[in-house]
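Morning, everyone. Let me put a structure on the screen, and then we'll walk through some of its helices.

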Amino acid sequence: MKKKEWNEGLNYLDPDLIEKHIEQKERLRQKNKKPKSVWLRFGAIAACFLLIASAVIAVPMMFDSNDPPPSFSDEGSDQTDIGEAIQLEKYYDYQINDGMFAPYIGGKVIEEGNVGSKLENVVVTAGWKNEAGEWLTVETLNAEVYAIACVESDVAVALKFIDQGEAVTTTHYYTLTHPNAEYNGTVFPDYIAENPVRYLEESSMGKSNGWQDFGLNGEIRTITVPVGSSYVYQMYSYYIRNDLKHIYWNEDLPDTLEKLPEWLSDSESAGRRTFWYSMGLRIPVDITVEATSEITSENGIIKFLKAEYTVQIKDGLNEKEEHWVIYFMEEDGVYSAYAVLANENFDFVKSYSESIVKSYQNKQ
Amino acid sequence: MELQSKQTARIPMDDDKIVELYWERNEKAIEETDFKYKKYLFSIAYNVVHDRLDCEECLNDTYLGAWNVIPPTKPNALKAFLTTITRRMAIKRYHNNLKQNVIPSEMTVSLSELEDFVGGDGDVDSDFDAERLGGVISDFVRSLSERKQFIFMSRYYVADPIDTIASDLSLSRSMVNKELAAIRSALKEKLESEGYSI
């Protein structure tokens, strides 16, 4: 076997093995950070005194909202077998004892600005668990449950501890999410497999999802390098959803296409914003249909319902406005959507995407 | 696409958010990727090509590659995704450079360790099936103990120096060499059983 062949073969190594290696390397790096010599330990102890003294003031300022609150740790730093080291890993977990939030799962810290009104007082079991999820230590802590802004409490809530736990603070809000919550537990369809407009292509970069969209000359157009080389494509992100039933498999879609734009803008009804979530993994706070109109393809066969939206997105504490234009289509009772998020000049994006849609003739 | 990390204190962005920036076609995605992963990706490329300028170009190719495939690709593990791209770019450059001279990189040393069954600098045979070989190697790696998996991946995938592996695992150099010898012996057997000519 030639060297080049060997390396080509390694290029096709299972990605899971690469991910695993990276995780192992990071764990070992963390573990090897521990001071080993007496002098280093002494230095570390001295530093700890300083750290404790400053922590009272500094920790709340340092705590990053993206950090997961439960601590992960490993024991047996002298272990040299990586398998053993991984097995000894433990993590801090917590769970409400009774009531409707008991099945909820702990998550990341949320900023105080996103927390709403207090819902109830609860008692929480907290402590360290081993990799199999068995409690190694247990402590009972009092806590308060709060609503999270723009999130229904049957999906997620925030938890604030009243009692100090070993690895949680009394100053932060920890999210708790229902394990089968509407958004959290939603498994979105595999658009590569299920959406016939998208396909799998093989390029020098390996396998990736290619795209097809509405062609300028009437055909479905194949884009091997979908974006990046064209400024026009940088002006917007687009998403093709060939069958909305893939997203709303457990709901009845409106009986006419005309009702669909409003139906998708209903941010009050549970689960209605899933369509928007599937396009960028963010849940809009508010969705407004600004205008709708009907357009017909140049060959006069396909009718589209064009809807222009203003969408409010909350990203942390920042709220921003997005402009979307979505072309809905019905074929044999199946609703499809070609959605365009305008990153720049909305009017230009609209006229460009409209010219593409008008050139649409048929699916292949 | 030359990018420099900012020197001011700054927290690396979550991978999910970086991927989201790529999906929004926001060029800040590349800046954040560079800030978070430059050092790591540089080391991956350096182990292979052993040249700073080549590494810089590999990194730029990596960022451009990521920009071109996200979307529509949505990587679940961004770091592994970038590793794959960087390694491919570096390997490509390595073989191109190899035509001109010997490269004193760790990749050259690690390949020389495999000379019992990997040799010759020629091009890939037309009937060579890289995907099949990838599957065979993957199966082989999975059959190893956790520690040996780590050693194999470190040495033959990212071409880490033996000293680095020894330090990672708190082992002596000789112990790592002993483990590598055992891995190579088992690998040779596996490749033979799969019909690869030695």
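Start with helix H4 of chain B. H4(B) is mostly covered, with 19 of its 21 residues buried. A word of caution before going on: this is a predicted model.

Stay with H4(B), residues 78-98. How far should its 21 residues span? At 1.5 Å a residue, the answer is 30 Å. The C-alpha atoms at its ends are 30 Å apart, so the two agree.

Next, a pair of helices. H1(B) covers residues 15-23, and H2(B) covers residues 28-49. They pack at an angle of about 150°, and their axes are 8 Å apart. Over 145 degrees counts as roughly antiparallel, so that is what H1(B) is to H2(B). The crossing of H1(B) past H2(B) is left-handed. Who makes the contact? From H1(B), B:Asp15, B:Ile18, B:Leu21 and B:Tyr22. From H2(B), the list includes B:Ile30, B:Thr33 and B:Tyr37. By class, this contact has 6 nonpolar residues, 1 polar and 4 charged.

Now the second pair. H6(B) is residues 130-143, and H9(B) is residues 173-193. Their angle is about 135°, with the axes 11 Å apart. H6(B) and H9(B) are therefore oblique to each other. Here the crossing is right-handed. H6(B) brings B:Leu133, B:Val136, B:Asp139 and B:Phe140. H9(B) brings B:Ile183, B:Ala186, B:Leu187, B:Lys190 and B:Leu191. How many of the residues in this contact are polar? None: there are 7 nonpolar and 2 charged.

That's the tour. Questions, please.

Definitions and conventions. Residues are numbered from 1 along each chain as its sequence is written. Chains are lettered from A and ligands numbered from 1 in the order in which they are written. This is a predicted model: local features need pLDDT of at least 70, side-chain atom pairs count only at pLDDT 80 or more; totals for chains, interfaces and linings use all residues. Side-chain values use heavy atoms; hydrogens and water are left out. Axes are lines fitted to C-alpha atoms, for helices over the stretch in contact, and angles run from 0 to 180 degrees between N-to-C directions. Helices (H or I, at least four residues) and strands (E, at least two) are DSSP runs, numbered from the N terminus. Angles under 35 degrees count as roughly parallel, over 145 as roughly antiparallel, 65 to 115 as roughly perpendicular and the rest as oblique. A crossing is left-handed if the near helix is turned anticlockwise from the far one by less than a right angle, and right-handed if clockwise. Contact means heavy atoms within 4.5 Å. Ala, Val, Leu, Ile, Met, Phe, Trp, Tyr, Cys and Pro count as nonpolar, Asp, Glu, Lys and Arg as charged, and the others, Gly among them, as polar. The expected span of a helix is 1.5 Å times one less than its number of residues. Buried means under 20% relative accessible area, exposed over 50%, partly exposed in between (1.4 Å probe, protein chains only).
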